[in-house]
Amino acid sequence: MATLKVEIKRRCAICGNVFLAKFLDSRYCSPKCQKIASARKKAEEKRLQRLDELKQRIPDARDYISIAEAEALFGVSKKTLHRLVRKGEIQSINLGTRLTRISKTELLGKFPLREEPINRQYALPKLYNMEPENCYTIGEICQKYKINDSSVWAQVRKYGIPSRQIGNYVYVPKEEFDKLYKSDV
């Protein structure tokens with residue numbers, strides 16, 4: 001990633017402190033805040049995966065479901081469901097401590113089902129023909145688009161453009177840079 005030559009002040013997404021961004025897409029003030037954000041993201045993915053597994057185990061024939069099952073089916077938080085039960089807006093049965101069951105039909109009238117499972121399918125990386133006739137050298141890109149080599153390398157890193165070194169020359173796919181600069185050449 002290319003470093004910035006101007007000062008951009010940002011507010012950290014985790015702690016809220018104002019900091020000078022070193023990179024254009026900096027969102028966190030320190031590695032500690034970055035780790036916290038990463039841990040929160042992993043915990044949220046694990047929670048959503050657990051809800052998807054629970055949703056698949058719920059039989060369709062049951063009319064009264066637990067609070068956790070309702071959260072998995074409708075994507076509504078437990079606090080909201082407990083508040084609706086306390087206000088009497090949803091019919092419920094209390095079978096004992098932590099055994100509250102709520103009406104699935106009443107929830108269907110209030111909330112839509114959470115349809116899609118949270119299965120993140122990551123796209124496969126694109127395959128490139130990295131033969132020299134299908135690629136530009138860094139020098140050719142500099143001449144063609146009239147930019148310096150540090151800018152080319154910054155874009156290669158930023159957009160994840162693959163490169164291949166053969167001898168003293170580094171090759172990058174023509175289609176990626178043509179698409180990047182919207183050139184019809």
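A: Rings of Phe, Tyr and Trp (its six-membered ring) pair if their centres lie within 6.5 Å, and planes under 30 degrees apart count as stacked, over 60 as edge-to-face and the rest as tilted. This is a predicted model, in which local features need pLDDT of at least 70 and side-chain atom pairs count only at pLDDT 80 or more, while totals for chains, interfaces and linings use all residues. Residues are numbered from 1 along each chain, and side-chain values use heavy atoms, without hydrogens and water.
Q: Which residues form the aromatic cluster?
A: Tyr145, Phe177 and Tyr181 form one cluster, and the count of aromatic pairs is 2. Tyr145 and Tyr181 are stacked, because their ring centres are 4.4 Å apart and their planes lie at 20°.
Q: Where in the chain do Tyr145 and Tyr181 sit?
A: Tyr145 is in helix 5 (residues 138-145) and Tyr181 in the segment after helix 7 (174-180), 36 residues apart; helices here are DSSP runs (H or I, at least four residues), numbered from the N terminus.
Q: And how far apart are the ring centres of Phe177 and Tyr181?
A: They are 6.3 Å apart with planes at 20°, so that pair is stacked.
Q: Is Phe177 buried or exposed?
A: Phe177 is buried, at 0% relative accessible area, where buried means under 20%, exposed over 50% and partly exposed in between (1.4 Å probe, protein chains only). Tyr145 is buried at 15%, whereas Tyr181 is partly exposed at 28%.
Q: Switching topic, which residues of helix 1 meet helix 2?
A: Arg47, Leu51, Leu54 and Lys55 do, with heavy atoms within 4.5 Å counting as contact.

Notes:
Helices (H or I, at least four residues) and strands (E, at least two) are DSSP runs, numbered from the N terminus.
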